[in-house]
Amino acid sequence: MAVEIEQPSVRLSRVAVSETHGEDSPYFAGWKAYDENPYDELSNPSGVIQMGLAENQVSFDLLEEYLEQHSEVASWGKKVSGFRENALFQDYHGLLSFRKAMASFMGEVREGRASFDPDRIVLTAGATAANELLTFILANPGDALLVPTPYYPGFDRDLRWRTGVKIVPIHCDSSNNFQVTAEALEAAYRSAEAMSVKVSAVLITNPSNPLGITIDRPVLDEILNFVGRKNIHLVSDEIYSGSVFSSGEFVSVAEVLQSRDFKDAERVHIVYSLSKDLGLPGFRVGTIYSYNDAVVNTARRMSSFTLISSQTQQLLAAMLSDDEFTKNYVRTNRERLRKRYEKIILGLRNGGIECLKGNAGLFCWMNLKPLLENATRESELKLWKSILNEAKLNISPGSSCHCSEPGWFRVCFANMSEKTLEVALKRIHNLMENTKISLHNVISF
Amino acid sequence: MKLLSRKAACNTHGQDSSYFLGWQEYEKNPYDESHNPTGIIQMGLAENQLSFDLLESWLASNPDAAGFKRDGQTIFRELALFQDYHGLPDFKKALVEFMSEIRGNKVSFDPKKLVLTAGATSANETLMFCLADPGEAFLLPTPYYPGFDRDLKWRTGVEIVPIKCTSSNGFRITESALEEAYQAAGKRNLKVKGVLVTNPSNPLGTTLNRHELNLLLSFVTEKGIHLISDEIYSGTVFSSPGFISVMEILMDKKYSMNTEVWKRVHIVYSLSKDLALPGFRVGAIYSNDDVVVEAATKMSSFGLVSSQTQYLLSAMLSDKKFRKNYISENQKRLRHRQEMLISGLESAGISCLKSNAGLFCWVDMRHLLSSETFDAEMELWKKIVYDVGLNISPGSSCHCDEPGWFRVCFANMSAATLNLAIQRIKLFVQSSTAAGDKQNQSYHQSLKNSRRKSLTKWVFRLSFDGREPDER
């Protein structure tokens, strides 16, 4: 028998073997712990409660009711050619009826304060794809995007992995409720310059993940002025725009542009998705809305790599064209999210924990600085682990969101039943009680 | 102005090629049996429209699948939330069974090695990102699908170096062509990372034979590179010699000891051709290399398949009876259509490459060229688009090394329309071969001139507003 010669395995690309997908961070480690021991009211009441997943589960009944009443919408209706036409449709412009419905829904979510042109909408399989696509279009490998911290951990992968683009943080802290300041913008730009890195754009998330707050109008003005001065782009990820708790509190960059008569608007691009507002992450529905024709055209062509299933476009075109349904959904969803938010805030407060005053999103930004041994990332991670192991709650440590101030945690409240939320709050109370006791013991000793 | 990236500004999306020009022309003047009987017949679109009735009847008998129900109970919530990039387990299981069935159950696939992507377009690009760095190259046999120029190169920065195949041997891949391509890459200072073949071939409509497959495997082993086999037309093989998947060859004794070879072979699949569902965006990568599977799985986040669609198709493809029947009935219909086109062309004195698969024929119109040049090919193509009213794909758009070949699709229209197309070709050939008919020539010439003026306008327009014909 011939000796088997050890052949070196064929080299893969640098991208394939890099760690930039970011999946080795604690954000994902908590997920693993949850997957191994998931809470279930009946079968596993002592399991880990997932509070690290920004899903919206509070309004499914509204969607289910709609589908029940309009069952033909999911089955290509009575037209014989309905199915085959839909099955063949792979035009990267996307279904016109769907784009129209999306444009109208986006306007609805902004309570009519901004309107959108269906021909400027480019469809992608989720906001994950939209953000990466925009990065490919706006920046060259080695260039940078300025992103306010704390930010969604997934950006490290979405914006950087295959694009080769860098993220330079715009540091924000609790001294002013984490709002972006002119100084912070300039400082970030300067630090990019110091690294000889060209800045292509600023990317903001509004409402913010993980903060759960909308960006103030003066701050939006400041950011727009900044990108104008530096002659760079602005990407506004507005995927939580339909998850604002009270009417009138969200200002979209689209509104600001409208008030400026769309002057200099070609540097602005909006990302949207139905994963949060409509609770449909599985359907992969994202959009890029750009005021720049070249970006729209290029994005459209690039979307070939990430088209939305025509089956899904068809279903949602019908649902979102139903004004009665969308008006009711947006209003009811907002109500329910607010109620959930108030519940968790109250519950946390009763346990002696304060949060950043939030007004949007599917999570709150919890302040556990008083519990830290030291104001360091290590202490924060230690605290995070003990919350995971002792209270069996998976929450997201601020460091995984690149927060420069240790001690903050993102806690989701909309991805579980009310009952489960109550259990979680109880566990937090117990944890706080135990901590107080041990602190007390230490002090009295 | 605010600058865009180099990728945004470049032309690698390929939409300024003639392949897409014909599309533009078709869209301005599309044939319709009742409304526009003199319009242009679309024969440049590799779609399969022959078997929708089979899908429709299955859907009518299984309303739960599209209605988000399982055993009468709603699972809407579950599906709406399902975004796990590992894919719906039931769907992957059904898909690998379908793939196996297409290969006569001679090969079996492990669902854990399958990565779902939004179409084969996404799968091919993802594999490039996983296997090659910017500036490296993949070797592709010519002629090849025009979309590869965009899919493999645009955002990845990877280069394509052609493996030239010619009619001298039926466009088969030869050892010397492989070696020549490898050397050519070297001369351009390009590091070769692999070979990508489409089997069955687009645009040829032929399946690779055992000799070619063995050749490819030895070649990639010797050079220490990857082999990607794009098998999206595997279910369209309608006659002998039948389909041999590269996986079958790997299972041969010769390769069972050498597991490294297994790891360098990757398959791309899709339901756009075999199941005629291009709109649903269902593609897949199959690899025996765990690192590739892992990296590709994470990358699939950028192009996941809608859970709504995964569920529908898991129900459909789990139906063994439906699967079996669809595959065989579909193949029968494709064969019948191909025979129609072949005999029709034959009666016009036009021959085709002998083929056994695909949704198109590779047609030999060399004898109709005014000279053995690509200019003459373009001239002939324009005549066929504008004067004859057929949008077919010129070989040059597929990077064919010899002028005069055209890809003509036969499955994206009714039988009546196909017959009409054949009639038009017959008439055209008759009038072209009417020797010394000056009247005819000047008629054609003036038509040509007027069309050409308008053509220039469209060429400029195309750079700014291309409707993407994502078809293969």
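**Confidence, packing and ring pairs in a predicted complex**

Chain B as a whole averages a pLDDT of 90, with 88% of the residues scoring at least 70, and for the complex the predictor gives an ipTM of 0.93 and a pTM of 0.92.

This is a predicted model, in which local features need pLDDT of at least 70 and side-chain atom pairs count only at pLDDT 80 or more, while totals for chains, interfaces and linings use all residues. Residues are numbered from 1 along each chain as its sequence is written, chains are lettered from A and ligands numbered from 1 in the order in which they are written, and side-chain values use heavy atoms, with hydrogens and water left out.

Helix α3 of chain A (residues 60–69) has the buried residues F60(A), L62(A), L63(A), Y66(A) and L67(A); helices (H or I, at least four residues) and strands (E, at least two) are DSSP runs, numbered from the N terminus, and buried means under 20% relative accessible area, exposed over 50% and partly exposed in between, with a 1.4 Å probe and protein chains only. Seen down the axis of α3(A), these buried residues fall within an arc of 165°, so they line one face of the helix, the arc being that of the directions from the helix axis to the C-beta atoms. The face turned away from this buried side carries the exposed residues E68(A) and Q69(A). What the buried residues of α3(A) pack against comes from both chains: α12 (310–321) and α13 (323–350) of chain A, together with α5 (76–81) of chain B. F60(A) also forms one aromatic cluster with F283(A), F68(B) and F76(B).

The structure holds 34 aromatic pairs over all chains, where rings of Phe, Tyr and Trp (its six-membered ring) pair if their centres lie within 6.5 Å, and planes under 30 degrees apart count as stacked, over 60 as edge-to-face and the rest as tilted. One of them joins F83(A) and F280(B), whose ring centres are 6.2 Å apart with planes at 80°, so the pair is edge-to-face. This pair crosses between chains, from helix α4 (residues 82–88) of chain A to the loop between β9 (265–270) and β10 (283–287) of chain B, and both F83(A) and F280(B) are buried.

The exposed residue E373(A), at a relative accessible area of 60%, lies in the loop between β10 (363–367) and α14 (377–391) of chain A. Its side chain makes a polar contact of 2.8 Å with the side chain of K382(A); such a contact is a pair of N or O atoms within 3.5 Å, and within protein one must be able to donate a hydrogen and the other to accept it, with residues adjacent in sequence counting only if both atoms are side-chain atoms.

A search of the whole structure finds 0 disulfides over all chains, a disulfide being a pair of cysteine sulfur atoms within 2.5 Å. The sulfur of C364(A), for example, is 4.0 Å from the closest cysteine sulfur, in C355(A), which is too far for a bond, and C364(A) is buried at a relative accessible area of 1%.

Definitions and conventions. pLDDT = per-residue confidence, 0-100. Contact = heavy atoms within 4.5 Å.
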